[in-house]
Amino acid sequence: MSLILAGALGYVLGAFPTGYFLVKWKSNVDIRNAGSGNVGTLNSYEVTNSKLVGVIVLLIDLVKGVLAVLVVKALVGNEFATLASGGIGAVLGHNFPVWLGFKGGRGLATAAGVMLVLGWVFVPIWMAVWFIGNKISKDVNVGNALGTIAMLFVGLFAPLSLLANVIPDTAQVTDFRIFIVVLAMVILLRLIQPVKEYFLNRNS
């Protein structure tokens, strides 16, 4: 029951449609029908042509992930599985918000917020691989996918002794690895289509 409650709390926090509200305020446009249709940082910036809007969306979406874990910790419990459920719920809420007909963002900023609390070392790993992947492909979604896969690879195959030193004290390595797999799958689910389109366009 605690896992369900944690996931529900995380979902509600994560489903706050930051990009939708800010773009509506700035440009009176429904972001779901503009640009890529993605309710996230990059599309918010591209639709409004405002760096300020993009930065605010990024920061609030990041904070949603942090808050989801901290609120679950305060209200439900400090067990790692409970915190992980809240974090994954937040990313699901961001990606598939009920308020917007389940059409949301790609979850990167919110997932980064979750990882800052549950395994901060994975954030710079993700960012480094994203930077390289984005530079080579010149496509942000390819960079996102590569960064997420790198995070997953490190989480699964890093030595147990090393991993144990960078995850929460309440977490067992096996539980953390399950969490990383689920989190990565949730993120990659929203990246399949744009990455597929990138390679189709490249080969056409």
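# Notebook: burial, packing and salt bridges

I started with R32, which is partly exposed at a relative accessible area of 22%. I took buried as under 20% relative accessible area, exposed as over 50% and partly exposed as in between, with a 1.4 Å probe and protein chains only. The model is predicted: local features need pLDDT of at least 70, side-chain atom pairs count only at pLDDT 80 or more, and totals for chains, interfaces and linings use all residues. Residues are numbered from 1 along each chain as its sequence is written, and side-chain values use heavy atoms, with hydrogens and water left out.

**Salt bridges.** I looked for a side-chain nitrogen of Lys or Arg within 4 Å of a carboxyl oxygen of Asp or Glu. The structure holds 2 salt bridges. In one of them R32 pairs with D30, at 2.8 Å from N to O. D30 is buried, with a relative accessible area of 17%. D61 and K64 also form a salt bridge, their closest N and O atoms being 3.3 Å apart. Both residues lie in helix 4, 3 residues apart, about one turn of the helix. I took helices from DSSP runs (H or I, at least four residues), numbered from the N terminus. An α-helix has 3.6 residues a turn, so residues three or four places apart point the same way. D61 counts as buried at 1% relative accessibility, and K64 counts as buried at 5%.

**T110.** T110 is buried, with a relative accessible area of 0%. Leaving out residues up to four places away in sequence, T110 is in contact (heavy atoms within 4.5 Å) with D61, K64, G65, A90, V91 and H94.

**Cores.** For a nonpolar core I took buried Ala, Val, Leu, Ile, Met, Phe, Trp, Tyr and Cys residues joined through side-chain atoms within 4.5 Å. The largest one has 34 residues, and M115, F176, F179 and L183 have the most contacts inside it. Helix 4 (51-75), helix 5 (80-95), helix 6 (108-118), helix 7 (122-137), helix 8 (140-157) and helix 10 (173-189) each supply at least two residues of this core. Helix 10 gives the largest share, 9 residues. Beyond its neighbours within four places in sequence, M115 touches W120, F122, V123, M151, F176, F179, I180 and L183. A second, separate core has 5 residues, among them Y20, V23, I31 and L100.

**Positive phi.** Most residues other than glycine have a negative phi. I noted N49, not a glycine, with a positive phi of about 55°. N49 sits in the loop between helix 3 (41-48) and helix 4 and is exposed at 63% relative accessibility. F102 has a positive phi of about 65° and is not a glycine either. F102 is in the loop between helix 5 and helix 6 and is partly exposed, with a relative accessible area of 49%.
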